[in-house]
Amino acid sequence: MLFYIQKVRAILRGRLVIDGLHEVSENMGIVVDGGTILHVGKYAEIARHAGSLPVYNFDGILCPGLINAHTHLELSLFSKESFSHKDFVEWVIRLVESRSSASSSETHLECLKAKREVEKRGTSYFVNVGNDYDMNVSLGKNQLFQFEQIGINGSYADKILGHASSLIEGQYGVDTSLAVHAPYSVSTELMRGIKAFNNSRGTITSIHLAETADEVEFTRSGKGRMADLLNHSVGKWNFTVPGLSPVQYVDSLGVLDEKALCAHCVFVDDEDVRILKDRRSTVAVCIRSNLELSGEKPPLEKFRRNGIRILIGTDSKASSPDIDMFSEIAAFYDEFHDLFTPSEIISLATADAADFLGIGDHYGRIAAGLNNSIVYVPFDGNTEEASEFLVSEASGKTEAVEI
Ligand SMILES: [Zn+2]
C-alpha cells in the first residue's frame, strides 16, 4: 500500500520515529516540502514554527525506506518453486533455460510490477544486478544498476568490455556500473577490465563470491560441479586453476577493495575473512537465498568481530520468496538475533547501506536536508518495542509515504 500526501508542504506527525541511526523518538514532527525533509523535531516545537501547514498523523512508526544491497529485478518473472533445488548448478541450468524461453515483454512487465510493488511497501533503493541492459535501465531511478558481465574465455574479454562500457558511457539517467558475475564464470582478463573501468569512474563493483562449496572446489582444483556447469553451458572453456579460495583468487586480481560489494561470502575460511577485512570490502548477505541454495549461512560473527561491513539484500525471486526488504530483515533477525540488535539491523538496511553506496544525501535516514523516503508502519506498542517490531512483524504491513 501507499500513503499519499496530497500537499507539497506538510507536517508528518509520527507517534514513533526511527531515524535509521539506532534512535527511536516519540511524538515527532517531520516537515516535508516536495521531496525534501526541511525539519525533524519534537512535534510540539515543529508545530509552533510551522503551525499553518497541514498535519498528517501516523499512529505508529515512521522509518526511512530500506535499501536492498543485492537483487536481480530482471528475474522477477520467476518463483523459487520453479527451480527449487539444493544443487546450485542444477538451479543455474534451469534458470538459464527458463530465461531463454521467457518473452521479453512479459519479463519487462513483471520486473516493473515487482519493483513498484516493493517500493510501495517501503524499499526505496536497489543494488540491481542484471544482464539485460535496456530492460534494467528502463526500470528507472532508485537503483544502482550493476551491469553484470559473464565470460570465462579471456580472448573475448576486450570485446565484452568494449560493448558494456560503451553502453554505460552513453547513459545518464540511471546510476550504472559494471559487475562481475562470479569467479567461476568470468575470466581474469574480464575481471581486471571490469574493475579498472569501475575504478576509473569511482563506482561500486558487485560480485557473487564464495556462494557455494562447488565454487571453492573449482578455484582450488578446476574440477567439480562448476566444471560440469561450464561444460554444459560454454562447451569449450579455459581456466588457469589458481589453486586458491574464491576470495584469495579475486583478491589476487585486485577486485577486492573498499568499493567491492561481495554478495554471499558463505564458504569462507579465516584467511578469507582476513582479506575481506584488510581490503575493507563489504558483504551483502542474502540469508533466505543462501538457505535455499546451499542450506548454509555466512559466518557473520567472524565478519562482525573483524569489523567487516555487512549489508542486506534479497537476491532474486528465483531463489528467494520475494524481494521485499522487510521480509528479508525479518529472516535476518530470525537467524542472527544473537549477533545484532533490532536497531543495528535497521541501520544495516538504511544508513549503513546509504553511506556505502554514496547516496546518504537522499536515502537511508530521516533527517533535515535529505530527500525523503519514509515508510509508515501501523503499530500500537511502545518505544522500547518499536525496533523489534520493525524487524520481526512489520513485513506485509508497511506503506511507503509518497508526497
Ligand atoms: Zn545474486
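Two residues are said to be in contact if their C-beta atoms, placed from the backbone, lie within 7 Å. Helices (H or I, at least four residues) and strands (E, at least two) are DSSP runs, numbered from the N terminus. A residue is buried if 20 or more other C-beta atoms lie within 10 Å of its own, exposed if 12 or fewer, and partly exposed in between.

This is a predicted model, in which local features need pLDDT of at least 70 and side-chain atom pairs count only at pLDDT 80 or more, while totals for chains, interfaces and linings use all residues. Residues are numbered from 1 along each chain as its sequence is written.

**Helices α8, α9 and α3**

In helix α8 (residues 213-221), the residues D214, E215, V216, F218 and T219 are buried, and what covers the buried residues of this helix includes α3, α9 and α10 (246-252). Just after α8, G222 takes a positive phi of about 75°.

How α8 meets α9 can be described with axes, which are lines fitted to C-alpha atoms, for helices over the stretch in contact, with angles that run from 0 to 180 degrees between N-to-C directions. The axes of α8 and α9 come within 7 Å and cross at roughly 85°. That makes α8 roughly perpendicular to α9, since angles of 65 to 115 degrees carry that name, while those under 35 count as roughly parallel, those over 145 as roughly antiparallel and the rest as oblique. On the side of α8 the contact is made by D214, E215 and F218, and on the side of α9 by R225, M226 and A227.

Helix α3 (residues 88-101) packs against helix α9 (residues 225-233) at an angle of about 20°, with the two axes 10 Å apart, and α3 and α9 are therefore roughly parallel to each other. The residues that make this contact are V89, V92, I93 and V96 of α3, together with R225, M226, D228, L229, H232 and S233 of α9.

**Strand β7 and its partners**

Strand β7 (residues 123-130) is mostly covered, for eight of its eight residues are buried. Two strands pair if DSSP finds at least two bridges between them. Strand β6 (residues 66-71) pairs with β7 in the parallel sense over four bridges, and T71 stands opposite N128 in β7. Strand β8 (residues 143-149) also pairs with β7 in the parallel sense, over five bridges, and here F126 stands opposite Q143 in β8.

Most residues other than glycine have a negative phi, and most peptide bonds are trans.

Which residues does L293 touch, not counting residues up to four places away in sequence? L293, which has its place in helix α12 (residues 287-293), touches F88, W91 and S319. The C-alpha atoms of L293 and W91 are separated by 8.1 Å, although the two residues are 202 residues apart along the chain. With 26 C-beta neighbours inside 10 Å, L293 counts as buried.
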